[in-house]
Amino acid sequence: MEESTSFEFDVIVVGYGPSGLVLASLLGQQGHQVAVVERWPNLYGKPRLTHIDGETARLISVCADADQALRDAWTTPHYHWFNGKGQLLLDVGGVGNTRRMLWDDHISVHLPHIEEAIHERITSLPNVHLYRGYLANGLEQNPEGVTLRCVPWGKAKDPSSPPRSELSLRARYLVGSDGSNSFVREALGVDRIDFGFNERWLCVDTEPRRKLPSKFDENAIQVCDPRRGHMFMPIGTKRQRFEFALLPDETTEEMQTVDAAFRMLKQYHGLEPEDLDLIRNLVYTFECRLAKSWKVGRVFLAGDAAHTNPPYLGQGACSGMRDAANLAWKFDLVLRGLSDASLLDAYESERRPHAQQIMLDSRALGLVANTSSPVKAAVRDLLFKFNLAPKPKFPVLTDGILAKGADGRPMRQAGTLAPQGRITVDGRTMRFDEHVGFSFALLANPEVTDELPATLKAALRAVGVRFVELAPASGLCQGDRVIDADGVYAPFLESLDADAVLTRPDFVVYGHADRAGLVHLAESFLLQLQHTSTRRHHSTISVPSP
């Protein structure tokens, strides 16, 4: 259990990119005292990531106003990969649009809109304190907490503003979500595994001045030409990204110029400066590196600080936001004194294998895209032609806080994602998460939860489990009873051959049971959380001024 020592904050978040934004929003909405340290004085404002999936869109909807965050989003049903001869190799997004999460499976987005919407939610929370324009430069920890030293960042200094002093912030925990060149990871002395993928590509983000040719309208296209790989994809509905592999004799400096960007656009797409404006032109080195440890004492790594993905599955930021959601509900239980701090050990055991599989699948696709030998490219093309090349398979959680069988392995469907539909409560139809929030949910057929003793029900409610009982379409909706407006949840239970399913705040299925097994499911869940009391932990807060 957490000690009652006084700290300024519960959690310090270093880095205000997608992972840091999600973590700060979720922890802030749960009522915890959060400090965010970020060197840039303002939001980045450029579209670094351009793709999210339905799961990530669902998570964004818990962190912000989804309509605002995704107002310029665009469905990308296909991600076609062609060889240099124009022959189709594969369609990464071609498994069909399941809309399992109410959002499309593949979505092209304008990242600044997402950042702005989450930031707006965060700034409405008085318990989240932003220290922007500060550079973290010192990190110490002991068994009780963490101290972070920060200095004003040189590039953020405004001569017209009064000088700002250095900061020393203390918290129970700290999360480094400060990118692939993470200060936090370096301060911890954590090395990374390099999977041997380091490719330089020129990224050119644009805003068209006039209607571009129809080939740019909808889909993402990757051209795996051994002479020079290149790709293009939409950035939401109004912008377009182009990327070009750099050749060995091309320097980063020369290829980051405006002239080089328009030279590539002219050569490969026939586009001129009068066709579009440049938003950003920058050379990236695509890496595949994994931190050897994601937790040292009371300090955690998340996002690119923990795992740096090649971009070929569009899952780098998605993985980082999953990290944040996973940490957020575990921190909540520990900080409220409802779970032992050892619960936090499950963060890495759950997230590492999942993130690593996505990294390696992205790397495998990156090797396809970056094949520069004509001979190897010919062999590659034959493998795809005869369907001999392995296709990425999206991973599920295989360890951690999941219902397990007698053999210690997760039960069937535990670790997968629960679907999302709309429900009707008291005459109002809403998304499931609008009703339950960022919480555990016990979804059950009518009257099934009556099998639970009152004390067990109370214990479940104490750790934040929301009870959701399906009512007949013509039935009365009050209390815990809801109508399955989209007909999603009754078939979901039927597919599990279950009367009840317990889901986690990060949308992961903990486990399921029939009526007879519900008590065992609930008891095993509480045992895994190491639930010991319902006493809320109180802390004395003294917040330094930014």
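**Close-up views of a predicted model**

At 6% relative accessibility, below the 20% cut-off, arginine 280 counts as buried. The model in which this residue and the others below are shown is a predicted one.

View 1. Arginine 280 belongs to strand E16, which spans residues 276–291. Its side chain is joined to the side chain of tyrosine 284 by a polar contact of 2.6 Å. When neighbours within four places in sequence are left aside, the residues in contact with arginine 280 are Tyr44, Lys46, Pro47, Arg48, Cys203, Val204, Asp205 and Arg241.

**View 2. The packing of helix H1 against helix H8.** Two packed helices are described by the angle between their axes and the distance between the axes. Helix H1 (residues 18–29) packs with helix H8 (residues 316–335) at an angle of about 25 degrees, and their axes are 8 Å apart. Because angles under 35 degrees count as roughly parallel, H1 is roughly parallel to H8. The crossing in which H1 passes H8 is right-handed. On the side of H1 the contact is made by Pro18, Ser19, Val22, Leu23, Leu26 and Leu27, while H8 contributes Ala317, Gly320, Met321, Ala324, Ala325, Leu327, Ala328 and Phe331. Sorted by class, the residues in this contact of H1 with H8 are twelve nonpolar and two polar, with no charged residues.

**View 3. Valine 22 in helix H1.** Valine 22, which is placed in helix H1, has a relative accessible area of 0% and is therefore buried. Apart from neighbours within four places in sequence, valine 22 is in contact with Leu59, Cys63, Ile118, Met321, Ala324 and Ala325; among these, Met321, Ala324 and Ala325 are also listed for H8 in the contact with H1.

**View 4. Glycine 28 in helix H1.** Glycine 28 also lies in helix H1, and with a relative accessible area of 4% this glycine is buried. Not counting residues up to four places away in sequence, glycine 28 touches Val34, Leu125, Asn127 and Val128. The C-alpha atoms of glycine 28 and histidine 110, which are 82 residues apart along the chain, are separated by 24 Å.

**View 5. The packing of helix H8 against helix H9.** The axes of H8 and helix H9 (residues 346–369) come within 10 Å of each other and cross at roughly 170 degrees, and H8 and H9 are therefore roughly antiparallel. In this contact Ser319, Arg322, Asp323, Asn326, Leu327 and Lys330 of H8 meet Ala346, Tyr347, Glu350, Arg351, His354 and Ile358 of H9. By class, the residues of the contact of H8 with H9 comprise four nonpolar, three polar and five charged. Leu327 of H8 takes part in this contact with H9 and is also listed in the contact with H1.

**View 6. Two loop residues with positive phi.** Most residues other than glycine have a negative phi. Leucine 102, in the loop between strand E6 (88–91) and strand E7 (107–108), has a positive phi, near 75 degrees, and at 21% relative accessibility counts as partly exposed. Glutamine 413, in the loop between helix H10 (374–385) and strand E20 (422–425), likewise has a positive phi of about 75 degrees without being a glycine, and its relative accessible area of 34% makes it partly exposed.

Terms used: Residues are numbered from 1 along each chain as its sequence is written. This is a predicted model: local features need pLDDT of at least 70, side-chain atom pairs count only at pLDDT 80 or more; totals for chains, interfaces and linings use all residues. Side-chain values use heavy atoms; hydrogens and water are left out. Axes are lines fitted to C-alpha atoms, for helices over the stretch in contact, and angles run from 0 to 180 degrees between N-to-C directions. Helices (H or I, at least four residues) and strands (E, at least two) are DSSP runs, numbered from the N terminus. Angles under 35 degrees count as roughly parallel, over 145 as roughly antiparallel, 65 to 115 as roughly perpendicular and the rest as oblique. A crossing is left-handed if the near helix is turned anticlockwise from the far one by less than a right angle, and right-handed if clockwise. Contact means heavy atoms within 4.5 Å. Ala, Val, Leu, Ile, Met, Phe, Trp, Tyr, Cys and Pro count as nonpolar, Asp, Glu, Lys and Arg as charged, and the others, Gly among them, as polar. Buried means under 20% relative accessible area, exposed over 50%, partly exposed in between (1.4 Å probe, protein chains only). A polar contact is a pair of N or O atoms within 3.5 Å; within protein, one must be able to donate a hydrogen and the other to accept it, and residues adjacent in sequence count only if both atoms are side-chain atoms.
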